[in-house]
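Reader: I would like to learn how to read a model like this one, going from the whole chain down to a single side chain. Could you take me through it step by step?

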Amino acid sequence: MRRSFSVTWDYRCPFARNAHEHLLAGLRGGADWDVRFLVFSLEQAHVGEGETPVWEEPENHPGLVANLAGVVVRDRMPGQFLAVHGALFAARHDQGLDLRDRSVVGTALDAAGVDGAAVLAEVKDGWPLDVLRREHSDAVERLAVFGVPTFIEDDDAVFVRLMHRPAGDTAVATSTIERVLDLIGGWPELNEFKHTAVLR
């Protein structure tokens with residue numbers, strides 16, 4: 001049976017990278033998932049009460065650009081989103097590039113097969129910032145989401161930290177995500193389960 005769920009992203013987070021690599025590998029391998037990728041701003045999550053939201057002064061938050069580019073591709077070029085999504089995570093976490101630099105974002109977009117200049121022009125138009133504000137605010141206000149990646153199934157929202165990457169293994173990716181979803185829907189009594197140390 002097809003599973004429908006949402007997952008938040010911000011390209012700055014290495015744990016979001018891990019989870020989204022599992023999602024991408026599973027989807028490319030034919031996993032029967034209907035995934036809604038929701039943009040979230042870690043910068044906004046760290047804005048103090050009474051301080052100015054990031055979407056009211058985006059010029060002071062260049063780290064938003066990559067997320068906004070992801071919104072453009074997701075909403076205007078959905079067939080290319082998976083490639084771009086993976087490329088932006090890789091640019092930040094595998095290549096160590098600074099996604100606050102618009103030229104770096106543009107180059108990553110070009111390399112992923114989309115017109116980077118055109119995407120950045122859409123970012124400049126402002127509508128992706130409205131999408132970010134709406135999706136972030138809804139997640140926070142409706143479901144108390146505080147970070148990435150958060151998996152959302154129906155009205156259950158769970159912050160998840162996966163410690164491994166699938167390395168392109170579809171079976172590993174699919175079983176990992178299915179296990180997460182099974183815990184969300186099948187065992188809601190488990191509220192927190194966290195190792196006190198990473199044994200690696």
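Author: What follows moves from the overall fold to one residue in a helix. Please keep in mind throughout that this is a predicted model.

Reader: How many helices and strands does the chain have, and in which pattern do they follow one another along the sequence?

Author: The secondary structure comes to 8 helices and 4 strands, and, read along the sequence, these elements are arranged as β-α-β-α-α-α-α-α-α-β-β-α.

Reader: What does the radius of gyration say about the chain?

Author: One sets the value beside that of a compact globule, which for 200 residues would be near 16 Å, and because the chain has 17 Å, the two agree. The C-alpha trace spans about 45 × 40 × 35 Å along its principal axes, and 47% of the 200 residues count as buried. Of the contacts between residues at least 6 apart in sequence, 73% join residues at least 24 apart.

Reader: Which polar partners does the side chain of E135 have?

Author: The E135 side chain makes a polar contact with the side chain of R36 at 3.1 Å, while a polar atom of the E135 side chain lies 3.0 Å from the backbone nitrogen of V39. Setting aside neighbours within four places in sequence, E135 is in contact with R36, F37, L38, V39 and R74.

Notes. Residues numbered from 1 in each chain as written. Predicted model: local features only at pLDDT ≥ 70, side-chain atom pairs only at ≥ 80, totals over all residues. Heavy atoms only, no water. Helix = DSSP H or I, 4+ residues; strand = E, 2+ residues; numbered from the N terminus. Rg over C-alpha atoms; globule rule 2.2 N^0.38 Å. Buried < 20%, exposed > 50% of the residue type's maximum accessible area, 1.4 Å probe, protein only. Contact = heavy atoms within 4.5 Å. Polar contact = N/O pair within 3.5 Å; in protein donor to acceptor, adjacent residues only side chain to side chain.
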